[in-house]
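Here is a short briefing to read alongside the model. Take a look at the structure first, and then we can walk through it topic by topic.

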Amino acid sequence: MTLRAVDNKYVRADRLCANILWLLTLCAVCVAATLAALSAHWITASSEDASALQFTDINLGLYAACFDTATESDCSRYGSELKDIPHQLWRIAAVLFGLGLVFFWIAFIGAVIAMFTSWGAQATVTKIILTTASACLLGGTLVFLGGLGETNPTTSAGDKTAPCSNADFFDNGDCKVDLGLILAISASAIGVLVASLAFRIESALVREEKVYYV
C-alpha cells in the first residue's frame, strides 16, 4: 500500500458559513449592548410612584434617565462624571458595562481582520478580549440588578432616582423592566455564548492542504 500526497486548494464552505454566522451574532451583541447603553429605559416607575414624586413618568437607565411632567419631558445623561450616576452599585455597573461594550467592539473588529487574514495569533488575542468583554458586560448587568435595592424610596425619600417601591437587590419591586434592560440582559447572555464559541472557530478561508490517497 502506498500513500501519494496531492496538493489541494479547497474551501470549507460549511465552516465559512458557521464563521460568518458567529461573526453576525457577535455584531448583534455589539449593537444590542450599544443600544442598551444609550437607552434611558431600563426600568420604569409605576404611575403611583411617579405621581408621588410630582412626575407623570420616570424612566431610569444605566447612564441616563427621563423625567416627564404634564408639560415637558427631560431625558438626559445623569452627568459628565461617574459620580453623577445616582447609586453606588450603578457606578460600578457603568464602569463594567462600558468596558465590556468597548472590548466587544474591539473583538468584533479583530475577528473580522482575523477571519479574512489568518486565524492565528491575532485570533488568540481576539478570544482573550472576547472573554474579558463577556465577563465585564455580564458583570455590569448583574451589578445593575443588584443595585435595584437602592431605588427603593425608603432608602432615599424624595429622591427622583429612587421611585421603585418594594424594590430590593435583584428585585425591581413596583418598577417595570423596560427595553434597555432586556437588551442588556440579552447582550450579556448571548455574549457569553459567543465568547465560548470563539474557541471552536477556525479559519474558513481557502488554504493549501495535502490530501493523501491510497
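**A loop to start with**

Asn 166 sits in the loop that runs between helix H4 (121-146) and strand S6 (176-177). Please keep in mind that this is a predicted model.

- Asn 166 is not a glycine, yet its phi is positive, at about 70 degrees.
- With a relative accessibility of 55%, Asn 166 counts as exposed, because the cut-off for that class is over 50%.
- Phe 170 also belongs to the loop between H4 and S6.
- The phi of Phe 170 is near 60 degrees, again a positive value in a residue other than glycine.
- As background, most residues other than glycine have a negative phi.
- Phe 170 is exposed too, at a relative accessible area of 57%.

**A nonpolar patch on the surface**

- Which residues form a nonpolar patch on the surface? They are Leu 138, Leu 142, Phe 169, Phe 170 and Val 192.
- Together these residues have about 460 Å² of accessible area.
- Val 192 comes from helix H5, which covers residues 179-198.
- Val 192 is partly exposed, with a relative accessible area of 33%, and it can join the patch because members need over 30%.

**Aromatic rings**

- How many aromatic pairs does a search of the whole structure find? The search finds 5.
- One of them joins Phe 55 and Phe 67, with 5.5 Å from centre to centre and 45 degrees between the planes, a tilted arrangement.
- Phe 55 lies in the loop between helix H2 (47-52) and strand S3 (57-60), while Phe 67 lies in strand S4 (residues 64-68), so the pair ties together parts that are 12 residues apart in sequence.
- Are the two partners buried or exposed? Phe 55 is buried, with a relative accessible area of 17%, and Phe 67 is buried as well, at 8% relative accessibility.
- Phe 67 has another neighbour: Lys 160 lies over the face of its ring, at 4.4 Å from the ring centre.
- Elsewhere, ring pairs link Trp 42, Trp 90, Phe 97 and Phe 144 into a cluster.

**Charges**

- The search of the whole structure finds 1 salt bridge.
- This salt bridge brings together the side chains of Glu 81 and Lys 83, at 3.6 Å from N to O.
- In general, side chains of opposite charge can pair when their charged atoms come close.
- Glu 81 is partly exposed, at 43% relative accessibility, whereas Lys 83 is exposed, at 60%.

**The fold as a whole**

- The protein contains 5 helices and 7 strands.
- Along the sequence, these elements follow the pattern β-α-β-α-β-β-β-α-α-β-α-β.
- The protein has 214 residues, and 42% of them count as buried.
- Among contacts between residues at least 6 apart in sequence, 67% join residues at least 24 apart.

Technical notes
Residues are numbered from 1 along each chain as its sequence is written. This is a predicted model: local features need pLDDT of at least 70, side-chain atom pairs count only at pLDDT 80 or more; totals for chains, interfaces and linings use all residues. Side-chain values use heavy atoms; hydrogens and water are left out. Patches are made of residues with over 30% relative accessible area and no salt bridge: like charges are joined within 9 Å, nonpolar side chains (Val, Leu, Ile, Met, Phe, Trp, Tyr) within 5 Å. Accessible areas come from the Shrake-Rupley method with a 1.4 Å probe; for residues, only the protein chains shown count as cover. A salt bridge is a side-chain nitrogen of Lys or Arg within 4 Å of a carboxyl oxygen of Asp or Glu. Helices (H or I, at least four residues) and strands (E, at least two) are DSSP runs, numbered from the N terminus. Buried means under 20% relative accessible area, exposed over 50%, partly exposed in between (1.4 Å probe, protein chains only). Contact means heavy atoms within 4.5 Å. Rings of Phe, Tyr and Trp (its six-membered ring) pair if their centres lie within 6.5 Å; planes under 30 degrees apart count as stacked, over 60 as edge-to-face and the rest as tilted. A charge sits over a ring if NZ of Lys or CZ of Arg is within 6 Å of the ring centre and within 35 degrees of the ring normal.
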